[in-house]
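Trainee: Pick one part of this model and walk me through it closely, please. I'd like the surroundings and the definitions behind the values too.

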Amino acid sequence: AAQRHVVPPAHELVGQHKDLAYAQLMPWIEGVPWFNILTVGVMQNDCFLNPAHALHLCHRFLSVMVALEQHGLAHTDIASGNVLVDPDRLNVELIDLEEMCGPGFPEPAQRNVGSMGYTHPSVKAQGVGLWSPDCDRFAGVVLAAEILLLSCPDLARRAGVTPHDGAVVG
């Protein structure tokens, strides 16, 4: 999702099609939002993850999170709707990258406060929002736990997996 190209106003195509000025071209990402897996797969179809697949998906997700932090980057809104999972390829991608935090990135006028179920209570209590390379850690742990939890149907049911923004509550 980060491999975007913007069509500048001086590009020859803009001369023919003015609406293409500043258009963004980006790769198509295969997968479904983690939210859909939780709400449709688990809640409606009683479908859980194979333990080996869950472990692999969790590893892929955490690898992405580690790589971001090592480069001084943070998504600032890790949540079930912003994580795409490709169950066939066992791949994980992040979307909704517009409010990322990183070295030299302009800080937004209003910081992202994250999504319900994925934001540490202190963030909302302090009202400061998320803007640091390590601000995705709490949400990352919650989502990683959800992935692993869905490989154990009995435990997931006891934990009370709900469609409430994909959060696991118990």
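Mentor: Let's start with Leu90, which is buried at a relative accessible area of 16%. Here buried means under 20% relative accessible area, exposed over 50%, and partly exposed in between, with a 1.4 Å probe and protein chains only. Keep in mind that this is a predicted model, where local features need pLDDT of at least 70 and side-chain atom pairs count only at pLDDT 80 or more, while totals for chains, interfaces and linings use all residues. Residues are numbered from 1 along each chain as its sequence is written, and side-chain values use heavy atoms, with hydrogens and water left out.

Leu90 sits in the loop between β4 and β5; helices (H or I, at least four residues) and strands (E, at least two) are DSSP runs numbered from the N terminus. Its phi is near 55°, a positive value in a residue other than glycine. Most residues other than glycine have a negative phi. Tyr22 also has a positive phi, near 65°, but this residue is exposed, with a relative accessible area of 58%. You'll find Tyr22 in the loop between α1 (12-16) and β2 (24-25).

The buried residues of α3 (51-70) pack against β4 (83-86), β5 (91-94) and α5, a contact being heavy atoms within 4.5 Å. Those buried residues are Ala54, Leu57, Cys58, Phe61, Met65 and Leu68. Down the axis of α3 they fall within an arc of 100°, so they line one face of the helix; the arc is taken from the directions from the helix axis to the C-beta atoms. An α-helix has 3.6 residues a turn, so residues three or four places apart point the same way. On the face turned away from the buried side, α3 carries the exposed residues Ala52, Leu55, His59 and Gln70.

As for its length, α3 has 20 residues and reaches 28 Å from first C-alpha to last, close to the 28 Å expected at 1.5 Å a residue; the expected span is 1.5 Å times one less than the number of residues. Ser63 also lies in α3 and is partly exposed at 34%. The C-alpha atoms of Ser63 and Val92 are 9.6 Å apart, though 29 residues separate them along the chain.

On a 1 Å grid over the protein atoms alone, a pocket is an open set of points with protein on both sides within 12 Å along at least five of seven lines, a cavity is a set where a 1.4 Å probe fits but cannot get out, and lining residues have an atom within 4 Å of a point. The second largest pocket has a volume of about 160 Å³, that is, the space filled by probe spheres set on the points, which are joined across faces, edges and corners. α3 gives the largest share of its lining, five residues, and α5 (137-149) supplies at least two. Among the lining residues are Leu62, Met65, Glu69, Pro133 and Arg137. By class, the lining has seven nonpolar, one polar and four charged residues, with Ala, Val, Leu, Ile, Met, Phe, Trp, Tyr, Cys and Pro as nonpolar, Asp, Glu, Lys and Arg as charged, and the others, Gly among them, as polar. Asp136 lines this pocket and the largest cavity too, whose volume is about 50 Å³.
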